[in-house]
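I opened the file today and kept notes as I went. Each entry records what I looked up.

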Amino acid sequence: MLYAEVAVNVPATQSRTFSYSVPDGVSVTAGQAVWVPFGPRRLQGIVFELTPFPAVTETREIAGLLAAEPVLSPIQLQLARWMGDYYLAPLFSAASLMLPPGFERRTITFLHLGASELPAVTPAQRTLLNRLQKHETVTVTDAEKLLGKKGAALVIGQLVRRRLITRSFELERPRIGPRIVQEIHLSVASARAREEASRLRARRAPRQAEVLEYLASEGAPVLQPSLLERLGCSSTVIDALSKAGLVAVHEKAILRDPIAHRTFDTTTALELTPYQAAAWHEIRPALIAAASEGKRGASTFLLHGITGSGKTELYLRALADTVSLGRRGIVLVPEIALTPQTIERFASRFPGKVAVLHSRLSPGEQFDEWQRIRQGDFDVVIGSRSAIFAPQPNLGLIVIDEEHEWTYKQQDHSPHYHAREVALKLAELVDAVVLLGSATPDVESYYRAHQEEYRLLRIPERVYSAGQKRSAFRRQRLPDIEVVDLRQELRAGNRSIFSRSLDSAIRRALAVEEQIILFLNRRGTAPVVQCRHCGHVMRCRRCNISLTYHTQEAGLICHLCNYRAVVPDTCPNCWSHRIKFLGIGTQKVEEEAAKAFPEARLLRWDSDVTKRRRSHEDILRKFSSHQSDILIGTQMIAKGLDLPLVTVVGVVSADVNLHLPDFRSAERTFQLLTQVAGRAGRSERGGKVIVQTYTPEHYAIATASRHDYVAFYEREIHFRQEHGDPPFRRLARLIFAHTNANYCRREAENMYRLLKEERDSSGMADVDIIGAAPTYFERLRGKFRWQVVVRADNPNQFLSNVRIPLGWTVDVDTMSLL
């Protein structure tokens, strides 16, 4: 007998499988989706391994197969197991990232009467039994509505044990599938159809006549939805014509293509500059070697090119070579906002061969793209973090643009993976090349390059492509950066949010019809609303942070949980009318810019205005076509955008994230300033950047103003080494959340003692246990949060020996301690 090791879709804190016996006559293979009994329920699972012996003495049989073919390949199984072990995540959670969209389905439990004669029962039991006698079958959800969640669980368990009711299980219907529509075409010749239309009009059936005439004029099949909409008729008209044998109706699968509405001009490769050519001579042999038979191990390059240095052209060349070698590629971008421009660049070089995957696609679009990728229809897949799990066959190249971005780390739910680390492991498994690109590499990546784990390629020269043919690059100097001390502005009597330098630069650019970007990494109008009489601050009742005032919504909004409240007329603490709005956000910048530059056309780009479908694409199109003069935005506008008419960039406040209690705050500030400065001067017009700050002496701001990444890195790596922060040691963050503050604190203190005992008993003196302490946001969405941080050379190995209770979140290689 064979036994299957199955990852089951249940909450867990460990990466493990469960042993099940394979029923006689059932063929099961690794990677197959199965239905298994788990306690009183039946749940989805993925078979990871088949063995002749089980891991436990008693096993239950697999209940059934969910699909005839495996849903995960051997490579995907290996990757999921690595993710489960590395990130200490449930194995099914890791595997589910690679499943087809909509594949996960809930199990519906049905209740049935098990006996015709009912003995004495309790009133609650009688209530459920009466419902079953009336309806024969009841779902557990119905029972919970009838008795409450806890009451239903108690009553159902009692009745099942007494065999008065039985349970059966079904999976809910798939939520996503192919889009099938009906296609209408004539069953007779066009001339005959026109004759029949004349007869139908004489019989007073004008709608049927209109359909026949339309189909005859089209001369080709027509989709029923568009036909009905165009002619304003109902499906009964089609049914009548079909019964008469005049038209035929067939089902047709319609692809939901997310970029079908766009057209792209085909482009060719540009002539490389000497620096680009030198980098290309390193990359190309690695691509050839990776495609060779018997080659094992991946090559990883860190492409450190300043903003506007032409890194994308190297990505395109590498992909073109990969395709010529019979392999395919994946390109990751950190923000959905970057996807429209990235799609344009890649789709123009690989027409009809580019797929898109990200969370803003509809479920149907995700389903169709995933299926077509698996079939090998595309040479290139472009997407955000989760696109690394696209089932791209024969993968030969993974490109991670702006590799320093924290958005590549999964923050919301387990597994808390980093797309870069997953890409490196995937490349190792499939013998692919990894190309990491950034003007401001992650400090840890740059350190790895110096340790020769990555191959460092430098492009220190800025270029732009010019002319109609855009066949070659021209050299371009980086924009000048002026740092304005806002303390001096206040002393000079300037109370505006725009310094005198920024104000004059904006006016000069507007006068010659150039464009301006104003950057502030904080949305809303005022981040603090305070009573000036007693000092009371309006706070979120669920998160205990200050509410932000938004002018357009005319209310207060919590940026963590989206709780909303009206602006009070009087202070709820002292009843004073002296309510004051403090600080600034992007909406405030927009208001002040409208007052200061009334002739300018303004456009804002932040998460408040990008909730609609294709809103990123629409904003970029409007600004690129010069329908707007000033673009105001958050970090969405700081990365990767190529806007030749932008000659002025103003950083309204460089201090927003600089002083947060996090070891990466200086690095993030430097990266944001350098990246947003890179949006200026991308043409022969040149550019100027003005950075406003209250701390011009800080090394992150000073080095950014000189475009000096190496100086920043040397200062930052010294700071990290002194404090034992990454890359010298690694961090794992354990968070417990609960609605009861005291219980949350006690659980955190218990975890601290448990980890300390494990460290001491195993003799791992080099492991630091930090905490227990409240998190920076102590309360989030109604739950209090405490954390314990493990600092060690290999924290996941240490934690794998600890039985972590349910309720804890484990974030290995955490990106932030906030």
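**Entry: strands**

I started with β31 and strand β32 (residues 688–693), which pair in the parallel sense over four bridges. I count two strands as paired if DSSP finds at least two bridges between them. Helices (H or I, at least four residues) and strands (E, at least two) are DSSP runs, numbered from the N terminus. The model is predicted, so I kept to its rules: local features need pLDDT of at least 70, side-chain atom pairs count only at pLDDT 80 or more, and totals for chains, interfaces and linings use all residues. Residues are numbered from 1 along each chain as its sequence is written, and side-chain values use heavy atoms, with hydrogens and water left out.

Next I looked up a bridge between these strands. V648 has K688 in β32 as its bridge partner. From β31 the chain passes through helix α20 (residues 665–677) to β32, a right-handed β-α-β crossover. Right-handed here means that, with the strands pointing away from the viewer, the path from the first strand over the helix to the second runs clockwise.

β31 also pairs with strand β23 (residues 515–519), in the parallel sense and over five bridges. There I found I517 opposite V649 of β31.

Is β31 (residues 646–651) mostly covered or open? Six of its six residues are buried. Buried means under 20% relative accessible area, exposed over 50%, and partly exposed in between (1.4 Å probe, protein chains only).

**Entry: cysteines**

How many disulfides are there? The count comes to zero, with a disulfide taken as a pair of cysteine sulfur atoms within 2.5 Å. For C531, the nearest cysteine sulfur is that of C574, 3.6 Å away, and C531 is in no disulfide. C531 counts as buried because its relative accessibility is 1%.

I then checked C534. C534 is in no disulfide, and its nearest cysteine sulfur, that of C574, is 3.6 Å away. C534 has 34% relative accessibility, so I noted it as partly exposed.

**Entry: backbone**

Most residues other than glycine have a negative phi, and most peptide bonds are trans. I listed some exceptions.

The peptide bond from S414 to P415 is cis, with omega near 0 degrees. P415 sits in the loop between β17 (395–401) and α14 (419–430). The bond from P726 to P727 is cis too, with omega near 20 degrees. I placed P727 in the loop between α22 (709–723) and β33 (730–738).

L88 is not a glycine, yet its phi is positive, near 50 degrees. L88 lies in the loop between α1 (74–86) and α2 (91–96). I logged L88 as buried because its relative accessibility is 13%.

A554, also not a glycine, has a positive phi of about 55 degrees. Its loop runs between β25 (548–550) and β26 (555–557). Is A554 buried or exposed? A554 counts as exposed because its relative accessibility is 54%.

**Entry: whole chain**

The protein chain has 24 helices and 36 strands. Of its 818 residues, 53% count as buried. Along the principal axes, the C-alpha atoms fill a box of roughly 90 × 85 × 75 Å.

I compared the radius of gyration, taken over C-alpha atoms, with the globule rule of 2.2 Å times the number of residues to the power 0.38. A compact globule with 818 residues would have a value near 28 Å, and the chain has 31 Å, which agrees.
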